[in-house]
Amino acid sequence: NGTDPLLAIQHLHVNVDDVNDNSPIFAQSSYSASLIENSFIGAFVVNVNASDRDEGPNGDIKYSLSGDLAPFFAINDSGVVTARVSLDHERHDNIQLYVVATDRGAPRRSSSAMLVVSVEDVNDEIPQFLDTIFSFSIDENKPSGTHVGHITAEDRDSPPYNSFLYSMRPGVGVADAFILDPLTGSLKSKSPLDREEQSVYHLTAFATDQNQPAMSSSCTVVIYVMDKNDNQPVFSFPTSRNNTIHVSNKIPKDYIVTKVLATDEDVSKNGMVVYSLDPVQGDLHNGIFSVDPNLGTVILLSDAVRMVDYELYSLNVTASDQGTPPRSTSSILNIVVNKSIPFYDAQSSAASLSGSNFIIVVSLSSVCGVVAVILIAAIFIIRRQDAAKHREHKYNCRMEALRSVNASKHSTIQ
């Protein structure tokens, strides 16, 4: 503080000790990355970067990941994120997680940034049908172009890998009967169908995607042709060439004279045949014969035929099905009643002779048994006689041989 002040200067070095008062800061607030599905484990995803203005341990940064799907990824001290699993686009197409940067100070400070990983699709999904077997039905005689059914498949890949086309491998008769829309899977008839010609069709349908490598799957399609009443009954008897029978006038009442038969190619009620008959000559022959509607047996209802020497009964037999509307056909059955034809009731005769038949069968069995015993005894005796003759023959042969030997010796001695 003098009149001419003097200064003294000293240089001091001050060390400012760091405290952990700064948090790590990411270079970006969020990161985005993409990864092809089915990539190998360890595939590179993204490299994040954070910095801390502090020094020493307060500025050393360690990275970690958090989120529900964080275990799918790994991150090293350099901020490099890699895949720990092979990812599937169809399960996880977009993954969100957080990258956390934490320093080593005390207390530790941290910050985070969002990481969005897009899993890119590849053509790795096979188009799959919703069912392994599709069953449809269609009425016969429907016009061509009638809708039969719809088959459905789906491809879990994303566009453009999820596009596919339908096709079919025809079975017996299918190629000319049905057409399959390749885009919609709609199945339509190609021509009118006849159930009596073919009642069931089987075909194999395919769904094939349009990418490389092409992938496909198949299903079975069964198509049932439903019956319509489009056939009328056809007589096997009587017919135009075979329609007459001859019977005796001695047949009793309720006697089964004959049986008519008609068949219908339709099924169920459309093919069930019932019979009826009407005399061609109306009231003159009415009430003489009847027909069982289900069995087709023609039965005599009246004893009036016993007074007939010769008479022709012409009956109009009708066979009708049970369809809606019903269809029917008719045929003429001629029954000739003739006095000169003998009558033999096979049923009653069989009943009266049943006891006699039993006695005859027993008698025949007994006779056969006695004959068998005699034959066995005769065979035994003959075999014994043959054995005795054989033994005698062998003895005679031995004696003859001895005589020959003795004669040779005697001649030699002489």
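## Strand pairing around β15 and β16

In this predicted model, strand β16, residues 186-189, pairs with β15 in the antiparallel sense, and 3 bridges connect the two. Within β16, Leu187 is the residue that stands opposite Leu180.

Both strands belong to an open sheet of 3 strands, whose order is β12-β16-β15 with antiparallel pairing. Its edge strands are β12 (147-150) and β15 (178-180), each of which pairs on one side only. On average, neighbouring strands of this sheet are turned by 20° against each other, direction ignored.

Strand β17 (residues 200-209) pairs with strand β14 (residues 164-169) in the antiparallel sense over 6 bridges. One of the residue pairs is formed by Phe164 and its bridge partner in β17, Asp209.

Strand β17 is also joined to strand β18 (residues 216-226); these two run antiparallel and are connected by 9 bridges. Here Val200 has Tyr224 of β18 as its bridge partner. Together, β17 and β18 form a hairpin, with 6 residues between them.

## Salt bridges

The search of the whole structure finds 3 salt bridges. In general terms, side chains of opposite charge can pair when their charged atoms come close. Three residues, Arg195, Glu196 and Asp227, are linked in a network of salt bridges. Between Arg195 and Glu196, the closest N and O atoms are 3.2 Å apart. Arg195 is buried because its relative accessible area of 13% falls under the 20% limit. Glu196, at a relative accessible area of 22%, is partly exposed.

Arg195 also meets Asp227 in a salt bridge, with an N to O distance of 3.2 Å. Asp227 lies in the loop between β18 and β19, whereas Arg195 lies in the loop between β16 and β17, so this pair ties together parts that are 32 residues apart in sequence. Asp227 is buried as well, with a relative accessible area of 14%.

A further salt bridge is formed by Asp309 and Lys339, where the closest N and O atoms are 4.0 Å apart. This pair links distant parts of the chain, 30 residues apart: Asp309 is in the loop between β25 (297-300) and β26 (310-321), and Lys339 is in the loop between β27 (328-338) and α1 (346-352). Lys339 is partly exposed, its relative accessible area being 48%.

Asn243 is located in the loop between β19 (234-237) and β20 (244-248). Its relative accessibility is 19%, and residues under 20% are classed as buried, so Asn243 counts as buried.

The side chain of Asn243 makes a polar contact of 3.0 Å with the side chain of Thr244. When residues up to four places away in sequence are not counted, Asn243 touches Phe237, Pro238, Ile332, Leu333 and Asn334.

## The chain as a whole

The secondary structure of the chain comprises 2 helices and 27 strands. Of its 414 residues, 33% are buried. The chain exposes about 26100 Å², of which carbon and sulfur atoms supply 54%.

Considering contacts between residues at least 6 apart in sequence, 68% join residues at least 24 apart.

How values were computed:
Residues are numbered from 1 along each chain as its sequence is written. This is a predicted model: local features need pLDDT of at least 70, side-chain atom pairs count only at pLDDT 80 or more; totals for chains, interfaces and linings use all residues. Side-chain values use heavy atoms; hydrogens and water are left out. Helices (H or I, at least four residues) and strands (E, at least two) are DSSP runs, numbered from the N terminus. Buried means under 20% relative accessible area, exposed over 50%, partly exposed in between (1.4 Å probe, protein chains only). A polar contact is a pair of N or O atoms within 3.5 Å; within protein, one must be able to donate a hydrogen and the other to accept it, and residues adjacent in sequence count only if both atoms are side-chain atoms. Contact means heavy atoms within 4.5 Å. Two strands pair if DSSP finds at least two bridges between them. Axes are lines fitted to C-alpha atoms, for helices over the stretch in contact, and angles run from 0 to 180 degrees between N-to-C directions. Accessible areas come from the Shrake-Rupley method with a 1.4 Å probe; for residues, only the protein chains shown count as cover. A salt bridge is a side-chain nitrogen of Lys or Arg within 4 Å of a carboxyl oxygen of Asp or Glu.
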